[in-house]
Amino acid sequence: MLKLLIMLTFTALTVFGQKNTVPKEMILVNGGIYTPLYVNDTTSQNVEVKPFLLDKYAVTNRDFLEFVKAVPKWKRSSVNKLFADENYLSFWKADFEIGENVNPNAPVVNVSWFAAKAYAEWKGKRLPTVAEWEIAAQADSKSKEGYMNQEFVNLILKWYSVPSSKNLPEVGSTYKNYYGLYDMHGLIWEWTSDFFNALVSGESRGDNGINRNLFCGNGSVGATDYKNYPAFMRFALRSSLKANYTTANLGFRCARDIK
Amino acid sequence: MKKYINQLVIISFAASFIFFSSCTEHEGEEKLPVIHAKLTHAPNVPPPTGRDYPAKVVVDMEVVELVGKLADGVEYTFWTFGGKVPGEFIRIREGDEVEFHLHNHPSSKLPHNIDLHAVTGPGGGAEASFTTPGHSSTFNFKALNPGLYVYHCATAPVGLHIANGMYGLILVEPKEGLSKVDREYYVMQSEFYTEGSYGEEGYQPFSMEKALDENPDYVVFNGSVGSMVGDKALKAGVGETVRLYIGNGGPNLVSSFHVIGEIFDHVYTEGGTAVKQKNVQTTLVPAGGSAIVEFKIDVPGEFILVDHSIFRAFNKGAIGKIAVGGNENESIYSGKVKEEVYTGKKESLGAINPSTGRYNSNAEEEKYVPQFAESNQVDYSELSKSAQASRKKEEGNTDILSFGKQVYTTTCSACHQADGNGLPNVFPPIKNSDWIAKKNKEEVIDAVAGGLNGKITVNGKSYNNIMPPQNLNDKQLAAVLTYVYKEMNKSSKTVSEEEVKKYRNSKSITGN
């Protein structure tokens, strides 16, 4: 008990101590305990998420253009197909031109996991883990536990249910959540660093045969909250991806450890 | 590291398995001819394969998410196989090898897959066809079992993908083929769970609560209310044989499939390949299941497809129609040949005594008299008081015009409107009507008592509609027509009860 108290105090101090050094484009998320949608016998039910920093907004076309200019091997025409499929940045006009029809402040999409990771590293950041992203996205505008609010869940479900729009709106155009993060739902899907481990809580794929493809009734076997439809849909999407895939509604935002 | 070794072992095992199976599969077999499957949207069915040999059949199917019509004025976001609900009909032959390409449109929000119940293999193809937006997957299967099978998307949460419209039918013809029929149609039932209740206009999102409660607002055939009525009714002719391929996408409800006015001569229950039953009125179609029914059409008219879990048909949209043209066969069905006054079961029993609710009967016939139970008697005194009051009002009403107006209001105004001006292009005016002026009294009485059907011209405008015969007694009919003549058409004509009686007598003579 004492140990825990010390740990908590330490954490609080660390957090407090870091507050002043949070860059203005990032938000401190205090972390907590995350219960993965899928668990198995060999892994813990719960994952501890340490405090971390997360970008306030998703990375925009303008941001990504800067990156491509700085690191031209990530330009559309020269990217290795192993690292990004043929739809990589396909909605841009040219290698270094977003084009008049695309809002530069809209989130960049049609980027692969490799490209997103490269961008993050170029920025001195990283992609958030599934657990981090899910903890941050659970909050609605009033509370950390937004996922308990059926209205909020329904709103997310509504967005998931409609096809992607051709022209994405600007970042910041949906809602600001409890932490101060914008558009965690309602704008785009977002890459996570360990999306390929989507169905198990730990680092490895686990060994009890949980089905990665989540098909049919099987989808609910082993699930911790089988009424959380939005979570199922996110996990289904993550499971359908490979790291070189790019799709018209999948972008990302960056995270960083607290140093 | 150990993990990678494990994976390597699994991969090499899987590879050798594929190698092995592909060797055996092609042993001693000629290379199959390649055919691109022709897919159709409901209610159409692709033509029979017409083959007596197996083929390699290539199926291309595109998943598209789009906003469409669920009912008049009601929109919904459908997730579709091929752009419409239900998904496209696939027709192959037992023993065919299918190369299935599932394309997920780039505008899709979600990954999708396909589980074909005709596939023998884990997930029915779901695992192999799991496809993110803007990608395509290919997998192969051999159609081992003939029958009519449902296919559906099985991506988690599976209920939602089915609830949004992701299902269709695949027919695997048996090697010997199916018997020849004149018409084949594709009918698929399913439910929709919307936030607004039935008919509430505008865009309706999915309601998770209603889906979990299995309490849909819409139960429909072929993806929307009214998909097979009016101009879109299925067509057939007298003397033709009709085969319906019926599927039930669910996601939850089991269908009591029935065609009003027809008897299924043959039913391939649950979509199997044997006629398991003949002469069936209603066949059960499970969610995620199918049935094939065949019937010969003997008489013309409209035959209504319903889910005979009947509130779904009446209140939730589960109605379709088969419009049949051809010659009447009165020996099979006559239509109404006569209607007459009925005063009770047996004249000898006399009238029902309103104070006792029993027949005023002779003692020796008492045993035949239906009795109300002594207990369980409901106190009708309040009700009967008001009934008596209104009867008194009616009886005491010597003013035929105000009685006529009362009849008009309860019987005629719903269509012809309270002011008698009708509804433009739908219901003709009764007020200042040149049609009424031109017709003699007997024709006008006939229009009300016998109904009108087809094209008529009133005040220079033509109308083509149906007016059903009105169930009015002589007094009511006389009063309402007198009211219409005098008050609405400034005519001096009146209609008496005697004139109505005379008309009815002439009708019943010609009717016989």
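Colleague: Which residues make up the covered face of strand β5 of chain B?

Modeller: This is a predicted model, and what follows is computed from it. In a regular strand the side chains alternate between the two faces of the sheet. In strand β5 (residues 97–104) of chain B, the uncovered face holds B:E97, B:E99, B:H101 and B:H103. The covered face consists of B:V98, B:F100, B:L102 and B:N104.

Colleague: Which residue of β7(B) stands opposite B:N104?

Modeller: Strand β2 (residues 56–71) of chain B runs parallel to β5(B), joined to it by 8 bridges, and there B:V63 stands opposite B:N104. Strand β7 (residues 135–142) of chain B pairs with β5(B) in the antiparallel sense, also over 8 bridges. In β7(B), the residue opposite B:N104 is B:H135.

Colleague: Which strands stand at the edges of the open sheet of 6 strands in chain B?

Modeller: The order of this sheet in chain B is β12-β10-β14-β19-β16-β17, with mixed pairing. Each edge strand has a single partner strand, so one side of it is left without a neighbour in the sheet. From one strand to the next, the twist averages 25°. The edge strands are β12 (218–221) and β17 (277–280) of chain B.

Colleague: On which residue is the kink in helix α7 of chain B centred?

Modeller: At 1.5 Å a residue, a straight helix of 17 residues would span 24 Å, whereas α7 (residues 400–416) of chain B spans only 20 Å between its end C-alpha atoms. The helix has a kink of about 50°. Just after α7(B), B:Q417 takes a positive phi of about 75°. The kink is centred on B:T410.

Colleague: Against which element do the buried residues of α7(B) pack?

Modeller: An α-helix has 3.6 residues a turn, so residues three or four places apart point the same way. In α7(B) the buried residues are B:F403, B:G404, B:V407, B:Y408, B:C412 and B:H416. The element they pack against is α10 (474–489) of chain B.

Colleague: What pattern of helices and strands does chain A follow along the sequence?

Modeller: Chain A has 6 helices and 7 strands. Of its 259 residues, 45% count as buried. Among contacts between residues at least 6 apart in sequence, 75% join residues at least 24 apart. Read along the sequence, the pattern is α-β-β-β-β-α-α-α-α-β-α-β-β.

Colleague: Which residue of β4(A) is the bridge partner of A:M26?

Modeller: In chain A, 3 strands form an open antiparallel sheet in the order β1-β4-β7. Strands β1 (26–29) and β7 (255–257) of chain A stand at the edges, each with a single partner strand, so one side of each is left without a neighbour in the sheet. Antiparallel pairing of β1(A) with strand β4 (residues 52–55) of chain A extends over 4 bridges. In β4(A), the bridge partner of A:M26 is A:D55.

Colleague: How many residues of helix α4 of chain A are buried?

Modeller: Helix α4 (residues 130–137) of chain A is mostly covered. What covers its buried residues includes β1, β2 (32–34), β3 (47–49), β4, β5 (189–190) and β7 of chain A. The number of buried residues in α4(A) is 8 of 8.

Colleague: Is A:I135 buried or exposed?

Modeller: A:I135 is found in helix α4 of chain A. Not counting residues up to four places away in sequence, A:I135 touches A:V29, A:G31, A:G32, A:Y34 and A:V49. The C-alpha atom of A:I135 is separated by 8.1 Å from that of A:I33, which is 102 residues away along the chain. Because 23 other C-beta atoms lie within 10 Å, A:I135 is buried.

Colleague: Which element gives the largest share of the side of chain A that touches chain B?

Modeller: In all, 26 residues of chain A are in contact with 31 residues of chain B. The elements giving two or more residues to this side of chain A are α5 (150–161) and α6 (229–239) of chain A. By class, this side has 15 nonpolar, 10 polar and 1 charged residues. The largest share, 5 residues, comes from α6(A).

Technical notes
Residues are numbered from 1 along each chain as its sequence is written. Chains are lettered from A and ligands numbered from 1 in the order in which they are written. This is a predicted model: local features need pLDDT of at least 70, side-chain atom pairs count only at pLDDT 80 or more; totals for chains, interfaces and linings use all residues. Two residues are in contact if their C-beta atoms, placed from the backbone, lie within 7 Å. Ala, Val, Leu, Ile, Met, Phe, Trp, Tyr, Cys and Pro count as nonpolar, Asp, Glu, Lys and Arg as charged, and the others, Gly among them, as polar. The expected span of a helix is 1.5 Å times one less than its number of residues. The bend at a residue is the angle between axes fitted to the seven residues ending there and the seven starting there. A residue is buried if 20 or more other C-beta atoms lie within 10 Å of its own, exposed if 12 or fewer, and partly exposed in between; C-beta atoms are placed from the backbone. Two strands pair if DSSP finds at least two bridges between them. Axes are lines fitted to C-alpha atoms, for helices over the stretch in contact, and angles run from 0 to 180 degrees between N-to-C directions.
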